[in-house]
Amino acid sequence: MKGQIIVTDREGKVHELEAEEGYVLMEIIRDAGLPIEAACGGCAACATCHVYVDQEWITSLNLIEDDEESMLDQTFFLKKNSRLSCQIEYKNNLNGIKLTLAPE
Amino acid sequence: MQIQKTDVVIIGAGPVGLFAVFELGLLNMNTHLIDNLDKIGGQCSELYPEKPIYDIPSRLKISAQELVDDLYNQCKAFNPTIHLKQQAEKLERNKNNEWIITTSTGEEIIAKCIVIAAGAGSFVPRKLPLKNIEKYENISVFYSVRDKKIFKNKNILIAGGGDSALDWAIELSNISNVSIVHRRKEFRAAPDSVKKILELEKNNKIKFYYGNIDSLSGQNGKLDKVTIIHENKKFDIESDYLLPFFGLKMELGPIANWNLKLKDNLIEVDTEKFETSIPSIFSIGDINWYPGKLKLILSGFHEAALMSRECFKYCYPDKKLVFRYTTSSKEIHKKLGV
C-alpha cells in the first residue's frame, strides 16, 4: 500500500511525497529531490536530515534511541518535535504525516 | 618552510585515499596524504568507527575502524607522508608544469598529480548559525582552543555535550569561571569526563544550564552576554567567551574554487581514468560523479586502481607500464617486504 508524507520545505512550500513501507523518511525526502543533505547516508551520525514532526504525529513514531539523541545534541534550531528523518521508518500508520525541514 | 616533493598528493585520508596510496605504490609512485581531521580514516573513523560494514568483498563483517586500520597496514609499506589537521587550500602550477599545493597551515608540496578523495568533503567545526556571528568569531567565539591563557579569570560559556565540550570545561575550570549550556543533562562523552563534570558542578566549580543558544550581545566582537532559550523562556549568561562544540560538518571547502567541473557539488570524472576536467587532477570515491556512480567504498577501490595507471603516465612519461599481479610479481613482493 502506498501512502504519502507531507513535507514543508525551508521556503514554506508544501510537497506531497509518495511513501511506501520499507523506506525511511530521509530517503523519501532525499529521493524526491528536496534539499536535505543527509551527509552520513542515514546512520544517525551527522544530523543533516533534521526535521520537525507535526505535534499530532509525535506519538505515532518510534522512540528516539541513543545515537539519534546524541546527534540531536549537535543540532541547532532544536525544538521539542525535532527528529532525524533517517531514524524514522515509514509505516502505513504514518500515512499523511506532516514534517517540516529544519533550517540548515 | 621546506618545500616537499612527491609524485602524487592525495586529498583525503579516508578508506579510498588510503587504498590509493597502495595502488599508486604498487606502480612505484610516492604519495602524500592531506586531511583536515586529526587522524586518518575519514568518515569511517570520525563518524561511525564502531559501526559494522557488510559489503567489503571477502569480509563478512568489519567495523569501520577495523577497515581503516587494515587499509593503513596494507599501504604503509609505501611510506605515505601524512599531513593531518590541515586543509588543501591553494593549487597552482609551477614553471615545470607541476602542481604546488598549499595547505591551510602553510605547507607546500610539489606533485605531478593530484587525487581528490575527499569523501563528503572536509570536516570543519559546525558553526553557530546566528545573525552577526562573524563579528564575534575568533575574537570572543572560538570553535577550537589555540591559546587557553586568554581565558584566565574570564567567564567562559561552553556549549555542547560531547567530549570536546567536557574536556575543555574540565581543563578551563582550573583557571576560569566555566558554565556549560546543553539541552539535556546527559553527555555523549568519556564516562570519566562525565563523572568529573558532575563533581565539578556539585562543588560549584562549574555551572550547568539547560538550553540552547538564542542570541549573542556585545560590542566590537567582544561578547557581554549570551541569551539562552529553554522551554520558551529566555535568560542571559554573562560571558566573555563562548566556545561552541557542536561537532563537525562536512563541506567541499577550498576545492570548490579550483575551477573543476562540478555537478551538484561533486567532481565530474571520466570512467576510464577518473580524471577531472583538469588533466592530472583525479577524483575518486564518494566525492566524484559519473553516470551510474554508486557511493560505495568498493567503487572507490576500483577507481583508485584505474586512476593509478593514468597517474603513472604523468609521473613516468618515458616508461612503459607493465601489468603485473601481486600474486606473482617478485618486484612487488620486494616492495611489500613479503
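Reply: Here are some labels for chain B, each set against its definition. This is a predicted model, where local features need pLDDT of at least 70, side-chain atom pairs count only at pLDDT 80 or more, and totals for chains, interfaces and linings use all residues. Residues are numbered from 1 along each chain as its sequence is written, while chains are lettered from A and ligands numbered from 1 in the order in which they are written.

Me: What makes strand 3 of chain B covered on both faces?

Reply: B:Thr31 and B:Leu33 on one side, and B:His32 and B:Ile34 on the other, are all buried. Buried is the word for 20 or more other C-beta atoms within 10 Å of a residue's own, with exposed for 12 or fewer and partly exposed in between; C-beta atoms are placed from the backbone. As for the name, strands (E, at least two residues) and helices (H or I, at least four) are DSSP runs, numbered from the N terminus.

Me: Why is the β-α-β unit of strand 2, helix 1 and strand 3 of chain B called right-handed?

Reply: The test is to point the strands away from the viewer: a clockwise path from the first strand over the helix to the second is right-handed. The unit made by strand 2, helix 1 (residues 15–26) and strand 3 of chain B gets that label.

Me: Why are helix 1 and helix 3 of chain B called roughly parallel?

Reply: Their packing angle is about 20°, with the axes 9 Å apart. Axes are lines fitted to C-alpha atoms, for helices over the stretch in contact, and angles run from 0 to 180 degrees between N-to-C directions. Under 35 degrees counts as roughly parallel, over 145 as roughly antiparallel, 65 to 115 as roughly perpendicular and the rest as oblique. Helix 1 of chain B is therefore roughly parallel to helix 3 of chain B. Among the residues that meet are B:Leu18 and B:Phe22 of helix 1 and B:Leu71 and B:Cys75 of helix 3; contact means C-beta atoms, placed from the backbone, within 7 Å.

Me: What makes helix 5 of chain B oblique to helix 6 of chain B?

Reply: Their axes come within 10 Å and cross at roughly 45°. That angle makes helix 5 of chain B oblique to helix 6 of chain B. The contact includes B:Leu166 and B:Ile170 of helix 5 and B:Ile197 and B:Leu200 of helix 6. The crossing is left-handed, meaning the near helix is turned anticlockwise from the far one by less than a right angle (clockwise would be right-handed).

Me: How do you know that strand 8 of chain B pairs with strand 7 and strand 9 of chain B?

Reply: Five bridges join strand 7 to strand 8 of chain B, and four join strand 8 to strand 9 of chain B. Both pairs run antiparallel. B:Trp99 is the bridge partner of B:Arg93 and has B:Ala111 as its partner in strand 9 of chain B.

Conventions: Contact = placed C-beta atoms within 7 Å. Pairing = 2+ DSSP bridges.
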